[in-house]
Amino acid sequence: MYNEPREARVTRDVVWERRIIAARRRAALVDRAMTGLLALAALGLALVLSAIIFIILRAGLPALSWSFLTSASSITDPGGGIGPQIFVSIYVLVLSLLIATPVGVGAAIYLAEYARPGPATNAIRFSTEALASVPSVVFGVFGAIIFLTTMSLGFSVLSGSLTLALLNLPLMVRIAEDAIRSVPVAYREASLALGASRWETIRKAVLPSALPGIITALVLTGGRILGETAPLILTTGTTISPNARYSLNPLQTGETLAVHIWVLKIVGVPGLKDAQLVADGSAAVLLLIVLLINLAMAFFTTRLTRRLRGVGRAPRAGGSKKG
Amino acid sequence: MDTSAPTPTTMTIRAASLYYGIFRAVKEINLCFRPNVVTAIIGPSGCGKSTLLRSLNRINDRVAGFRVEGTISLGDTDVYAPGTDVVDLRRRVGMVFQRPNPFPMSIFDNVAFGLTLYAPPTRAALAALVEDALRASALWGEVKDKLRRPASELSGGQQQRLCIARAIATRPDVLLMDEPCSALDPISTLKVEELIAELKCSYTVVIVTHNMQQAARASDITVMMNMDAVDRAGHVIEVGDTDTIFTNPKHPQTEAYVSGRFG
Amino acid sequence: MRLRQGVLAQSIFFTAAAIVAISTAALLLFTGSRGLAVFSFMGPGEFFLGTSWNQNDQTFGVLPLLLGSLLTVGLTLLISGPLALGVAIFMVEIAPDPVRRVMRTVVELFAALPSVIYGLLGLTLVVPWVRVITGGGLGKGILAAVIVLVFMTQPTMVSIAEDALRALPESLREGALAVGATRWQMIWRVLLPAARPGLITAVVLGTGRAVGETIAVQMVIGNITSRLPESLVRGATTMPAAIVTQLPEATSPEHRAALIMVAFLLLLITFGLIAAVRAAGAIGSPRRPTRRRRLTPTARPAAAKGAIDV
C-alpha cells in the first residue's frame, strides 16, 4: 500500500480526503480561536493589574502630603497622618532583616558549600522546603504561642520581627543558596589553587560574586515584610501607644502600615470621619513602595550582576538552531 | 540537472537565499528533488544544509529572524507564498529529525498522532494504518506486542524508526531527513539506511548527512554544499549522480571532501 | 590559626542551618501540642463534626471553617487554574519576546501586591458588585473571596506552569508541527501532557496559596463562623480568616486551643500538598527516562544547576 503512487491513493480515498479538508478547516479555526482566547486571558490579567494600580493611586494620591506622611494618626479627628505607622513598618523591617539575614545567609552558605548528602542535610533541606509552604497566618499563631506567651514578650515589635524573620527564612535561604551555587566553579578553583583555605575562598571569592543574589533576597524579603498583615495582627498588635509613638523600645506594641489599613477598614474606628481617606492614602503609599522595590530590583539586579560577575548570560543551549 | 516536467510531488528550489536576520546563511540555490529518488545533501558543518532542509517544510519559520528569498515550490504550490497553508504543506512534506523525538506517549499513539489530527479514522482502520506504518519502517516485529508501552522505553534506533513511522503514517509526498542516523549506533544506522532505500519507491526523499558512506550507500543523487570562504554563505558546489560524485567529482572541493581531506 | 578560623566558620554556618530545621520542628511541635489540647475540652467528634463555631456558647465545631475553605479554594481553582494555564501557554508558545517580558512583569507585580491591598480592592469593588448582582445582602461571602483569590493565585501558578512548559525540548514542538499539527493541536495533544507533572505542581502550589491566604479573604468573606456556609453570597469564613479574626480576642483556653488546632490543621494540609507535589514529580519521572534525557539537547535548569557542582 505504501508502494502505490499518491495519485491512485487520492482517487480511491476521495471521500476521506474531503472529510479531512473539512476537519483541517475546523482545526485551523479552533487554532485561531484558542490563540485569541489565550491572548485575551493574558490581556485581561494585564488590564486587571493596571486597573488595580490605577484605582489605588487615584483614590489614595489626593490624600498624600508631607504632613500626612509624617504626622501622627488620630482616632477621633480628621486630618491624621500615618507617621508612626511608617516608623513601625521600617522598624519591623529592619529588625526582622537583622535577625533573618545572618541565619538565612549562614544556612545558605552551609547548604551550598559544606553540606554533604546525609540525614542532617536532608532534614535541613526538607525543613526549608516545608517552611516555605506554611501559610503566614500559621507563623502568626506560632509567634503568638512562642514569643507572646512562652517567652512573654507580649504584643510587641520584637515578637512581630521574630515571627517575620522566621516566615522569611526559607525564601532567603533559597535565593541566597541559588546565588552562591551560581558562582562559577572556576572562581573557587582559582582561589583554592592559590592556596586559600575553604573559608577564605568563600569569604573572598564566593560571597562577593554571590552578593547581587543575596541583595535580591534581602530586597524581596523586605517587600514581603512591608506587605505582611496577618502574622503581625497576631504578634505586634494593632495599636500604637500614643505616648510612645516613635519609641525604639522593641517591647512596645506596634501597628505597621499594612495593619493600619486593615484596622481602618475592618475593625473600624468609630467616629473617625476620614477613615476611608486615610486607608486609601496608606494603600497608595504601600503600593508605591512595592512598585519602587520591584523597579529597583529589575534595574539593580541586572546591573549588579553584570558588574560584579563581569560576564554576560551564558548562551542558552538548544534555543536556536544551527544551519 | 533534471529537466523532465515536474510532477505534483517534485520539490523545486529556484534562486533561493536563506537569511537569519541580515546574515545570509545559504545563497543562490537551484535544485530539484524528484519523486522516487533519494537525494543526499552532503557538506561540512555550517554549510547550511540543515537550514536548507528545514526551509522545505517551513519548520525553520520557528527560528526568529529566518526568511527566504527566491522560490521553493512543491509541485505547483509556492511554499513561501503568503496564502500557503503551512499545516497542509507540512502534511505533504514529512520530516525526520537529527535526534529521535518521540512524544511522551505510547508507541501506538506516536504513530497514530498524525492520523488522528484531522477526521480520525475508525478504530480498526486506525490500527491497520498504524500497523502499515510500523511495518514500512521495519519496526512492527519489534513492537507489535508492546504498542501500549511508552515510546521512551525503546532504544535510540527503535525510537528513530518510530519517528519515521510517525512521519510516513500520514503518507506525505516528500520525506525530509535531517541527519537521521547521527544519534544512532552502527546497527541501527544500517537498518534505517535499508529503510530509506525502500521508502524511495513511494516518496521523494531528501536526506542531509554528515556521513559520506551513508550518502554513497543510500542515495541516488548527491548535492555537495560548502560555505563560501568570503561571505560565509552556504552554496551548492556540485550536483550529480551519487556514483559520479564519489568516484569522479568535477569540482576540487567535492573531491577533497569525499576523500576526507576536509570537513 | 587558619584552621581554627575555618572550623569556627563551618560550625557557625551549621548552626544557622540547624536553626532552620529546629524552627520547623518547633513549629510543628508547638502548634501541634497546643492545638491538640483542644481535645481535653471536647471530643474529636464534637470538634471535627460540629456544625457551629460559636465562642459565646463555647462550641467549637470546625466544619463551618473547613467547608468554607474547601468551597472557596475549590471554586478558586476552577477559575484560576485554566486562566493561569492559558496565560502561561500564551507566554511560552504565542507571545513575541517583548510581550512576554511585559507579561512577566505583570505576573511579578501581582505577586508583589500586599494581601491587604487585594482585600481593600475586594471591599471597595468586588463586594459592592456582588451586592448589586444579588440584589441586596451584604455582598460579603465566598463569591467575593473567590474573585479576589483568583487573581492572588495567578503569580504562583503562572510562573510554575511557564517554567514547566519552557523546559520542554524544542524537538517535541518541531515533531508535532512536522506531522501537520496546528499550533493548538501541538499544545493540547503534545505539550500539555508532556508538561503534566510541572502543571500539577503549579496547581497544587496555587492551592497552597489559596488555602493559606488570610487577610484578603478575611476582609471580604464576612467571617460568619456560627453556621455552615449557606450560599456563595452570604457571609461565611475560612480557616485562616477565623484564626486572624478571633485569636487576638480569644480569652478562654478552649477557644485558643481550638483556634491553634485550626492552625495545626492548616499546617498539616500544606505539608500534605508538598507531599502531593513530590508524588506528582515521582509519577512524572518514569515518563522521562534517562535515555531520552541524554538525547535531548535542551538543557534543563536543574541539570544546569547541578553541573556547577561537578
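**Briefing: burial, packing and chain contact in a predicted model**

In helix H11 of chain A, the buried residues are A:Leu257, A:Ala258, A:Val259, A:His260, A:Ile261, A:Trp262, A:Val263, A:Leu264, A:Lys265 and A:Ile266. The structure is a predicted model.

**Chain A**

- Helix H11 spans residues 257-267 and is mostly covered, with ten of its eleven residues buried.
- After H11(A) comes A:Gly268, which has a positive phi near 85 degrees.
- Chain A contains twelve helices and zero strands.
- Chain A has 323 residues, of which 41% count as buried.
- Among the contacts in chain A with a separation of 6 or more, 75% join residues 24 or more positions apart.

**The largest nonpolar core**

- The largest nonpolar core comprises 263 residues.
- The residues with the most contacts inside this core are A:Val141, C:Val148, C:Ala161, C:Val262 and C:Ala263.
- Helix H4 of chain A (residues 83-114) supplies the largest share of the core, namely 15 residues.
- When neighbours within four places in sequence are left aside, C:Ala161 is in contact with C:Ala84, C:Leu85, C:Ala88, C:Gly198, C:Leu199 and C:Ala202.

**Two helices of chain B**

- Helices H6(B) and H7(B), the latter covering residues 186-199, pack with their axes 9 Å apart and at an angle of about 20 degrees.
- Because angles under 35 degrees count as roughly parallel, H6(B) and H7(B) are roughly parallel to each other.
- The crossing in which H6(B) passes H7(B) is right-handed.
- On the H6(B) side, the contact is made by B:Gly156, B:Gly157, B:Gln160, B:Arg161, B:Ile164 and B:Ile168.
- On the H7(B) side, the contact is made by B:Ser188, B:Lys191, B:Val192, B:Leu195 and B:Leu199.
- The residues of this helix contact comprise five nonpolar, four polar and two charged.

**Where chain B touches chain C**

- Chain B gives 24 residues to the contact, and chain C gives 20 residues.
- Three elements of chain B give two or more residues to the side that touches chain C: helix H2 (86-92), strand S6 (93-96) and helix H6 (156-169).
- The residues on this side of chain B divide into 13 nonpolar, seven polar and four charged.

Methods: Residues are numbered from 1 along each chain as its sequence is written. Chains are lettered from A and ligands numbered from 1 in the order in which they are written. This is a predicted model: local features need pLDDT of at least 70, side-chain atom pairs count only at pLDDT 80 or more; totals for chains, interfaces and linings use all residues. Two residues are in contact if their C-beta atoms, placed from the backbone, lie within 7 Å. Helices (H or I, at least four residues) and strands (E, at least two) are DSSP runs, numbered from the N terminus. Ala, Val, Leu, Ile, Met, Phe, Trp, Tyr, Cys and Pro count as nonpolar, Asp, Glu, Lys and Arg as charged, and the others, Gly among them, as polar. A residue is buried if 20 or more other C-beta atoms lie within 10 Å of its own, exposed if 12 or fewer, and partly exposed in between; C-beta atoms are placed from the backbone. A nonpolar core is a set of buried Ala, Val, Leu, Ile, Met, Phe, Trp, Tyr and Cys residues joined through C-beta atoms within 7 Å. Axes are lines fitted to C-alpha atoms, for helices over the stretch in contact, and angles run from 0 to 180 degrees between N-to-C directions. Angles under 35 degrees count as roughly parallel, over 145 as roughly antiparallel, 65 to 115 as roughly perpendicular and the rest as oblique. A crossing is left-handed if the near helix is turned anticlockwise from the far one by less than a right angle, and right-handed if clockwise.
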